[in-house]
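Colleague: I am new to this structure. Please take me through it and say what stands behind each term.

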Amino acid sequence: MSDALIARVERWAREIPDAPAYTFLDYSAGHDGVKHTLSWAKADLKARALAVRLREVTLPGDRAAILAPQGLEYVVAMLGAMYARVVAVPLFAPDLPGHADRLIRAYADADPVCVLTTTPALDSVHAFLDGGSAPRPKQVITLDTVSDLLADEWEPEPIGNGDLAYLQYTSGSTRAPAGVEISHANFTANAEQLWEAFRATPRVSTAALWLPLFHDMGLIATIAAPMVGGNQAVFMDPVAFVMHPVRWLRMLSDYDDVFTGGPNFAFEYTAGRVTDEEKATLDLSGVSVMLNGAEPLRGSTIDRFSETFAACGLRPEAHTPGYGLAEATVFVTVMDRDLPARVTLFDRDALTAGRAVPYTGEGRVSDLVSCGVPTGQRVAIVSESGTAKPDGEVGEIWVQGPNVARAYWRDEERSAEVFGNVLDGADGTWLRTGDLGVVHEGELYITGRIKDLIIVDGRNHYPQDVEVTVQEADQAVRRDHVAAFALPGEETERLVVVAERSRRAAGRDLAEVTANIRAAVAKSHDLRLHDFVLTEAGAVPRTSSGKIARRACVRAYLDGAFGPRPAGPRDAGV
């Protein structure tokens, strides 16, 4: 085909045909899980067969939406679409709870020519398409009914590095989902950058994950990265992990050199739910890299997880914080795999003023987790005027490299704003991430998102700092289920916090809890809390990757979803 990463599937099918490529651990078939495996030869065969079927109803450059559950069919859908030079749109089955609105908007924006699904998901797909909110495709293809015999009819087509491989829809934490145009060059570059940073061993290291394949980190870590060196990927459905998080760790225990990852909340969740009896069955000594790759990263979570599973053989160096975003395919920076996670204490007042000053023991403190350094790309901290800032000063994170996408699908204005930026004194264009960060002693620290900043009396406050203060102020607050945001006021912004109640909230006096929260926020941040809402578990909106969706929380708050609000000026423009 070409030097595109997808060509390596055919290469491994020739060189190591019987070696396992992708293994799905299916927990719907039993409590212990049933393994279903595609060898490299079988993956290539099924990809060729699907490419023939796709070519019957599509042309190169057409879009194919994947509305399928987690499983081997999803992997084949991505591979087959790439073989056929069809632009894949990795989404999810319509019966996935909690994301119906996101699916409708992403699907309609992509305007696919065909839909790829599975027979078990077919009824929900037809119901979705018959609902009237989504354009009808020319064809719905059930992946599990495509005959392998079609593979013999496939004639490989040249794949250009600039050809679109897929549209990666963002999680929509601050605005409507947008389709990031990921080329074959981006796909190849980012997988190789990840594998180089992790120093994986070809044909030996195993990737073992539960992340959804429609999410950027799940797609690259599970589907793309193993292609680099002919490695094996083992994965399960995210629901299987949520129901019993020990399943993730048991999966890791099966391998001597294994790579994995997840967002910060998954580590907190797992540490709190795996029992001592379950720990006795685990051997995590083979975990080489455990990527913590979605903000906000918590030093307390890393410490807790490492301590909880140290007796299971987990090395402290295994926990590997990183930073990334869909517009850069996914991965931008990671900590060195042989170094323990680094948590640095900074002076909070200096940080809110835009400077990273190490904490000296006086005043207020903020702890930030290092996200390491880039591999094969460049990162700059940039001022509002477009000039690079020196180490130690907070600014917007800009990224440049072969992994950076070129545009948003059918949105020239926003594409120019995000991807077409010029940095004074540097060649080429840069990606504006919308994230704030600082480089300290050569490593990147994330301080927050520009759009989430809370600005009161001219001072910047990071919502994640306030959220940590709130969850630590009273045990009635459920950890990592807190959203802090600001609303316009007559003279300055007003701080609002919405938090889910924990199991320990039963029988507690709400006035007492609120008083504790207000006192902690005032002491730690010198802020007056306009409103505190303690709501039911599951009420705080999250993105598909598990991040707190603060903008969605603002809308829900203003719409009265959490009950009556205190009197105040009209909340215009929020």
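Colleague: Which residues lie nearest the centre of the second largest cavity, and how many line it?

Modeller: This is a predicted model, where local features need pLDDT of at least 70, side-chain atom pairs count only at pLDDT 80 or more, and totals for chains, interfaces and linings use all residues. Residues are numbered from 1 along each chain as its sequence is written, and side-chain values use heavy atoms, with hydrogens and water left out. The lining has 13 residues, with Leu-194, Phe-198, Leu-209, Ala-221 and Thr-260 nearest the centre. Lining residues have an atom within 4 Å of a cavity point, and cavity points, on a 1 Å grid over the protein atoms alone, are those where a 1.4 Å probe fits but cannot get out.

Colleague: What makes up the lining of the second largest cavity by class?

Modeller: Eleven nonpolar and two polar residues, with no charged ones. Ala, Val, Leu, Ile, Met, Phe, Trp, Tyr, Cys and Pro count as nonpolar, Asp, Glu, Lys and Arg as charged, and the others, Gly among them, as polar.

Colleague: Why is H1 called oblique to H2?

Modeller: The axes of helix H1 (residues 7-15) and helix H2 (residues 40-55) come within 8 Å and cross at roughly 135°. Therefore H1 is oblique to H2, as angles under 35 degrees count as roughly parallel, over 145 as roughly antiparallel, 65 to 115 as roughly perpendicular and the rest as oblique.

Colleague: Which residues of H1 and H2 meet?

Modeller: Val-9, Glu-10, Trp-12 and Ala-13 of H1 are in contact with Trp-40, Ala-41, Ala-43 and Asp-44 of H2, where contact means heavy atoms within 4.5 Å. By class, this contact has six nonpolar, no polar and two charged residues.

Conventions
On a 1 Å grid over the protein atoms alone, a cavity is a set of points where a 1.4 Å probe fits but cannot get out, and a pocket is an open set with protein on both sides within 12 Å along at least five of seven lines; lining residues have an atom within 4 Å of a point. Axes are lines fitted to C-alpha atoms, for helices over the stretch in contact, and angles run from 0 to 180 degrees between N-to-C directions. Helices (H or I, at least four residues) and strands (E, at least two) are DSSP runs, numbered from the N terminus.
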